[in-house]
Amino acid sequence: MRLKALLFAACLSPAVAIYSDEVNHVDFHHALLGTPSPDSTFFLKPSTASNASLLYTLSDKLLVGAVNPRDGALVWRQNLSRSADSPARGAGLLRGLDGNDALVGAAGNCISSWSAQDGKLGWERRFTEGVVADIELLELEDATATSGVRDTIAVVGSDGVGIVRRLEGATGKTVWEYKDTSGDVPFQVSSSSTEVFYISLQSAMLKGYKIKITALDPLTGRQTRQQVLNTDTDVTTPESVLYVGANSASPLIAWTDKSQKSLKVNVIGTKEVTSIAIDNVSGSEIRQITVHAPNKLNSLPHFLVHFVTDAGAWAEVYHVDLKSSKVSNAYRLPYLQGQSVVSTSAIDANVYFTRITEAEAIVVSSASHGVLARWDLQTPPSEVALHSVSEVVAKGKSLAVRSALFREHGDWQLVRNGQIEWTRHEGLIDAVAATWAETDFQEDLAHELEVEGHETLYGAYLHRVKRHARDLQHLPDWLKGLPRRILSSILTDEVSNLDSFGIAKPVIIATKNGRVHALNTGKHGAVSWSVQVTDTTQWDVKAILSSPGAVTIHPSDGSSVTLDILTGEILSRTEPSGSTLHTIAVLATQDGASLTTAGIGADGAPATALVKENGILVTTSADGRVLGWISEDNKAPVWEFVPPSGQKVIKATARPAHDPVASIGKVLGNRSVLYKYLNSNLALITAVDAKAKTASFYLLDGVSGKVLHATTQTGVDSTQPIASVVSENWLAYSFWGDVTTDESSAKGYQLVVSELYESPLPNDRGALDSASNYSSVDTLPLPHVISQAFMIPEPISHMAVTQTRQGITTRQLLCTLPSSNSIVGIPRPVLDPRRPVDRDPTAAEAEEGLFRYTPFLEFDGKWYLSHARDVAGIKEVLSSPTLLESTSLILAYGNDIYGTRATPSQAFDVLGKSFSKLQLVLTVVALGAGVAVLAPMTRRKQVNALWKA
Amino acid sequence: MQFSLSAIVLLGISSLVSASLTITIPSSGPLPNPHVLPATSHATLTTLPSSAKDHILSASLTRAATFVFDLPTSATAESYLLDIRSAGGYVFAPYRVDVAADGSVLGIWETFRGNPWDNRGAEKYVVDVAGKKPDDVVVEAKVVGRKAFYEERAKFSPLSLVKNPMVLLAVVALGLMFVMPKLMENMDPEMRAEFEQHSRSSPITGATSNAMAGGGFDLAGWMAGTTAPSPAANDAPQSGASGRDTSGSTRRRG
């Protein structure tokens, strides 16, 4: 019997697994990093053994990532903010050196070293003294160096105290420490081939800062000399210093005067400040000045200053004389209209500058102004490039260059010799709302059919004949495409093109920075268009509604914007209502044909009175009350639910809008029926008490506010995610449950499932019996609740349920697992609370599909919808039905974007890949051949038999 | 190289903090080379906070395939659940880690999910009460297995075709068709005459010959067991010709 149960469990699990050849076919994944920070992005060769380089970056989300420059695929990524206590000051820092298999990143008070090749941790240091102001890798190798991993110089600063530490490359151990208690602002660290420089900002007498440079001995950390540069109050904030070089034969520090008339350059270690007059050829105001210099010890001491105005840009190249530390102008890259970005790269001692403008990419040597290579850009860029990094490779006599450009609005592009190789849509990381768009390809037909329905018999007939005659014009095209279609349908993997079944619906994603993207799910989630809707950094989208051919986005300010789903064109806008909305409820009208919205304020009251068709509305207020509203009244709630004192409402969930119930009862093994408690107005309220360490779950009736079921779990950590979901006649929630006074209590994450039935007895409908109507207000019978808890190995941060068209397909509980970066779909039969406890199932129970209860529920590998993918930072998982009953669309967003299809009861209405049309054709042909061979034989035999007879 | 590096890592860390816990991953059946673990693998120590201090400690996988925790001091002794999670589908056994208020490890045991917390398994480490408390505790993780994410697609193989009962039936039928006439030829004439008589009395062969002769065979009548007024049935020795009779006569012959 136990074997049977095991067997059942075994045959249950494959129902949802994905075939390895379906990966990238049914699913798509955007593994995102965020906006790469300009000074922590670089090409690097992680190993001296190989010439291959990777593109490394640290993003504004403090994610360190390595990207393969060949195809833009993510090699590895790590989150720096996970280990930092205090939030980082500005962006984090990331440093690396060619041939050094360690990247050092800093965020907040934490410095960590990561293997450049595979992203594994080398060491991690947390400082209690303050936040890390700057880090630099020492390129020079001295006698103390123990291994191939270079040491790090770090500046840790808090108010008035700056500490410079040399950390050993392999272990992170402090080699020496220099403490500066003079009260200066710790600023940067730099190094030349012989010295380490600590640069701090000394408050000047009147205002602004003076730059103080302390030279330290790299071996002992002892101060060798100190200089204070006179800045003439040019430096007012730490941001006014344009550039501090490091790891260079002549590290530089550069700033400008306030009027941006002259550039001040100092070779660190010398006292002299060279003032260079800026020759503003454009005549317009300079918007941005950036300094680009190589950061390799053996590179030529040349640097480039890039000047950007609103209309165009130019650059000046300067040379530094190593002996005299004099800075001289070498040549100029001419002023060009339009945007341009410049980046530096070095081959041995030679320094190359790559300039990419709207029309072309050029490479010049730092030594002379001759253009070494030029490529015309094939496709004119749509967005302004903000910054770039380049890698120049000498191929014989010619040069090849690849540049990673970051464009405004979040596209990260690799341009190789003028050709765009790949684009990463890093802007999608800020997704706040998403939906599937409804294409309107059948809208015309529906409209025509409507016309026919309203005409006279004769008129409708004529109309129809005309429609079919019109359709005939597509016949030649259809016939032309027929052979190709037959051939391709036999040869290709996808047996039937499922696009017309609503499988390949476009996905519309709204991001926090006011942008709307459309992803083509049929083409691996490629971005088909993206549009800037508003200029904001905090676009708080509360609801996104799709109607055939258009989507409407409702942000919290009460405005709305409608976009065309095919082009992204803005069709209409409404103005903000003035009041900030807490949430926006999406309501279906009575006939279910269209959706409307209702804004809810922070006090839980609807901003406008509901119309009658909307029925009821359950809201939560900011102060933790749950309110019930009825149509045409937005002043006084019909009911109010306040949890017991000490408890705080943290979440309210309801049944999904589309939640069809295929069967009102559950047929038991003995052919009797347990009737499901089906109430479309269920609301599950989660309330936590942080002090008593409890979590309470209240199931309310949305019309009357009556508590249908309440349960309290003890030993709950309210700081960990508590996810909950309601569907059909069941609900589920998960939490961290700890040891309580109860001796048998366990420690770990728990998942609780409750099913609601009308009565504990089979074939009994309880108090309502065969009544066709019931009232929530008068005598609403309480459900019979059967619950079961499971220990699960991981926390669940979000729960959802698969939705199919008619709800016949088994449901899956979609759980987001934040600690293993995956999404798992647990089949509902596994979570059946009626599984027999401490005994094997009886024959009747086994027939029902019940198997023995085990307290620990290990997630089977085959349940993982995200299979081996690393789907990080998911905040929300959506599910949508398709025209195929077997298939449900899944979309997860938050950090990464992940889309897939779920078939909880296997793809029973689709011919899968295992169905070979070719095999079918061959079988028919073989049978035909067999008949052709055997027919004459049989005929001959019959004739012979007749003669014999 | 890797291991000497790990030794340095351990030394370096232990000299910096009061106490640390290092979990090493031995090579085992499901995981022969622990260095193949993806970089996102991490270990967590979780408990319900007694105070507002850190109660979820997380450690990333190091280059030496270890996880290193710096244990914080707290007001009271804490009992942590140690989980190791890896993206490659490797499943690790959970441990119970008891940490004293000063941040030193009191004991580490295997634990069983879905069992009471006091139900401890194999002991991995326990503090020596008499001796000096070590700064760094090193325990080995236990790999339990590996999850299979993918469904194997049934591959086409000729052997599976042979195993198919339908195909087997067809092959046997074909074989009989070609072999039977040969057998008949090898039979001695007397036996063949007898056999032919029997087979002629059999309704099916009779039917075929009838069909060839142009006569209609009453299939429904034959199935109903009635004596069809067919010429073949008239020849039969028994009036109630049926399949059972035929088989009976064959048996008699054998």
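In this predicted model, the largest nonpolar core holds 247 residues, and the members that touch the most others are A:Ile508, A:Ile509, A:Ile685 and A:Ala732. The contacts of A:Ile508, leaving aside residues up to four places away in sequence, include A:Ala434, A:Thr435 and A:Ala437. Also among them are A:Val516, A:Ala518, A:Ile544, A:Ser546, A:Val551 and A:Ile565.

Helix H6 of chain A, residues 917-948, gives another picture. This helix is hardly covered, since the count of buried residues among its 32 residues is 0. A bend of about 25 degrees is found in H6(A) at A:Leu934, and the proline A:Pro936 follows within four residues.

The contact between the two chains takes 52 residues from chain A and 36 residues from chain B. On the side of chain B that touches chain A, two or more residues come from each of helix H1 (2-16), strand E2 (42-46), strand E3 (56-60), strand E5 (78-85), strand E12 (150-151) and helix H5 (203-213). The most is given by H1(B), with 4 residues. By residue class, this side of chain B comprises 16 nonpolar, 12 polar and 8 charged residues.

Strand pairing also links the chains. Strand E1 of chain A, residues 18-19, pairs with E12(B) in the parallel sense over 2 bridges. Within this pair of strands, B:Glu151 of E12(B) has A:Tyr19 standing opposite.

Notes:
Residues are numbered from 1 along each chain as its sequence is written. Chains are lettered from A and ligands numbered from 1 in the order in which they are written. This is a predicted model: local features need pLDDT of at least 70, side-chain atom pairs count only at pLDDT 80 or more; totals for chains, interfaces and linings use all residues. Two residues are in contact if their C-beta atoms, placed from the backbone, lie within 7 Å. Ala, Val, Leu, Ile, Met, Phe, Trp, Tyr, Cys and Pro count as nonpolar, Asp, Glu, Lys and Arg as charged, and the others, Gly among them, as polar. Two strands pair if DSSP finds at least two bridges between them. The bend at a residue is the angle between axes fitted to the seven residues ending there and the seven starting there. A residue is buried if 20 or more other C-beta atoms lie within 10 Å of its own, exposed if 12 or fewer, and partly exposed in between; C-beta atoms are placed from the backbone. A nonpolar core is a set of buried Ala, Val, Leu, Ile, Met, Phe, Trp, Tyr and Cys residues joined through C-beta atoms within 7 Å.
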